[in-house]
Amino acid sequence: MRTLCPNLHKKDGLETVLEVPIPEEMFNKMGSNASTQWQNMRNLMRAQSADRYSSHHVAVDQFMFLFKIVGSALVPFQVQLDHLPFRDGSMEDSTAKYIVQQYVAACGGQAALNSLNSMCAVGQVNMSTSDMHQSDGNANSKRHSEVGAFVLWQKNPDLWVIELVVSGCKVSAGSNGKVAWSQSSSSSSASKGPPRPLRRFFQGLDPRSTANLFLNAICVGEKTIKDEECFILKLESSIDMVKAQSTANTEVVHHTIWGYFSQRTGLLVQFEDTKLVRVKSPKGDSNVFWETSMESMLEDYRYIEGINVAHSGKTAATIYRYGKNINYRAKIEETWMIEEIDFNISGLSMDCFLPPADINKEAEFGEQGMGC
């Protein structure tokens, strides 16, 4: 991972510290000379350009659409991070809470998880797109692979921000506790919605958020995943939650989450969710539906400061669009590896989680934003 950018204007000048460390392979693709590398690096860090620095021939808007779905996906639940309450309930609820208790113990124990107040994670990713088909006969099933990296910051209770760069594309997203926002290098404006946690937290990075998320789940059975016997916990988004995500032009029909917990180790080994959104037609005729299914495998658990964290994994996302005689299917896979993770970061202030300026202006004038 490259953390410094050479001073391309002055040979003996100080190197620039990159906000998001990037793989060497990605840096080498940014140009063959110093001038091109500097210009491409500047555009990338400012997120003002949708230029691609790869030799692959994938449409920028199509890749950015898939890239944003996987890179900055949100979970439709406001997770309480200040404590881990265990309450009595029905048999199914009690079973689920017992599974969550075993998971908490496997991740370091309730006291260790409750001692956390912030986190920083740095990782690298490899994203591959494939199986793109449209009803008009156009198809592109050739596999394309891109490398990148991310930096993720989190502070209690629900403050977080992520910077994710892949090849020449960048996605920034965050939450300041009042609004969640997302912005990509292909769009000059940011979208916003109610504060929600980042899906990436539940891919083994934040055990406490995962435990709190599944406290209200039910146990729906068992399943074998890679020779590992697992309990299945299921969580359905409530009517109020889906309404909060919906906008004037879109309606979230449902968002369902599954967690697969190893019976042997107690750890979460697979995380899945499916979301169905209806896009309303302005003319009142047939609507268009978007269905996104994401499945994440979690691997390589290691203890960091007493907390058991997954250091690698793979997410596969399938996107279906149907309605109005226009069907579309695409698939993107992300393989990630955590390079560094630290907890209880000193000096992490509210300024680290400020949304983009255009969202701040909307808040000042009381305007309604779009959902993330």
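Figure 1. What is the relative accessibility of Cys169? The value is 0%, so Cys169 counts as buried (under 20% relative accessible area, with exposed over 50% and partly exposed in between, for a 1.4 Å probe and protein chains only). The model is predicted, so local features need pLDDT of at least 70 and side-chain atom pairs count only at pLDDT 80 or more, while totals for chains, interfaces and linings use all residues. Residues are numbered from 1 along each chain as its sequence is written, and side-chain values use heavy atoms, with hydrogens and water left out. Cys352 is partly exposed, because its relative accessible area is 36%. The cysteine sulfur closest to that of Cys352 belongs to Cys120 and lies 10.0 Å away, which is too far for a bond. The structure holds zero disulfides (pairs of cysteine sulfur atoms within 2.5 Å).

Figure 2. Lys170 is part of strand E7, which covers residues 169–176 (helices, H or I with at least four residues, and strands, E with at least two, are DSSP runs numbered from the N terminus). Although lysine is a charged residue, Lys170 has a relative accessibility of 5% and therefore counts as buried. The side chain of Lys170 forms a polar contact of 3.2 Å with the side chain of Glu163 (N or O atoms within 3.5 Å, one able to donate a hydrogen and the other to accept it, with sequence neighbours counted only if both atoms are side-chain atoms).

Figure 3. Strand E10 spans residues 218–225 and strand E11 spans residues 228–236. The two strands run antiparallel and are joined by seven bridges (strands pair if DSSP finds at least two bridges between them). Across this pairing, Glu222 stands opposite Phe231 of E11. Two residues lie between the strands of the hairpin, and Lys226 takes a positive phi near 50°. Most residues other than glycine have a negative phi.

**Figure 4. Strand E15 between its two partners.** Strand E14, residues 288–304, runs antiparallel to E15 and is joined to it by 15 bridges. Within this pairing, Thr292 has Ile319 of E15 as its bridge partner. Strand E16, residues 328–343, also runs antiparallel to E15, and 10 bridges join these two strands. Lys314 is paired here with Thr335 of E16. In a regular strand the side chains alternate between the two faces of the sheet.

Figure 5. The hairpin of E14 and E15 has two residues between its strands. Glu305 lies in this loop and is not a glycine, yet its phi is positive at about 55°. With a relative accessible area of 51%, Glu305 is exposed. The hairpin of E15 and E16 has five residues between its strands, and Gly323 in that turn has a positive phi of about 125°. Asn344 counts as partly exposed, because its relative accessibility is 32%.

Figure 6. Helix H6 runs over residues 207–214 and is mostly covered, with eight of its eight residues buried. The buried residues of H6 include Pro207, Arg208, Leu213 and Phe214. Arg200 belongs to the loop between strand E9, residues 191–193, and H6. At 4% relative accessibility, Arg200 counts as buried. Along the chain, Arg200 and Thr315 are 115 residues apart, while their C-alpha atoms are separated by 9.9 Å.

Figure 7. How many cavities of 30 Å³ or more does a search of the whole structure find? The search finds two (sets of points on a 1 Å grid over the protein atoms alone where a 1.4 Å probe fits but cannot get out). The largest cavity holds about 60 Å³ of space (the volume filled by probe spheres set on points joined across faces, edges and corners). Its lining residues, those with an atom within 4 Å of a point, include Leu116, Met119, Asn156, Asp206, Arg208 and Phe343. By class, the lining has three nonpolar, four polar and two charged residues (Ala, Val, Leu, Ile, Met, Phe, Trp, Tyr, Cys and Pro are nonpolar, Asp, Glu, Lys and Arg charged, and the others, Gly among them, polar). One of the lining residues, Arg208, is also among the buried residues of H6.

Note on methods:
On a 1 Å grid over the protein atoms alone, a cavity is a set of points where a 1.4 Å probe fits but cannot get out, and a pocket is an open set with protein on both sides within 12 Å along at least five of seven lines; lining residues have an atom within 4 Å of a point.
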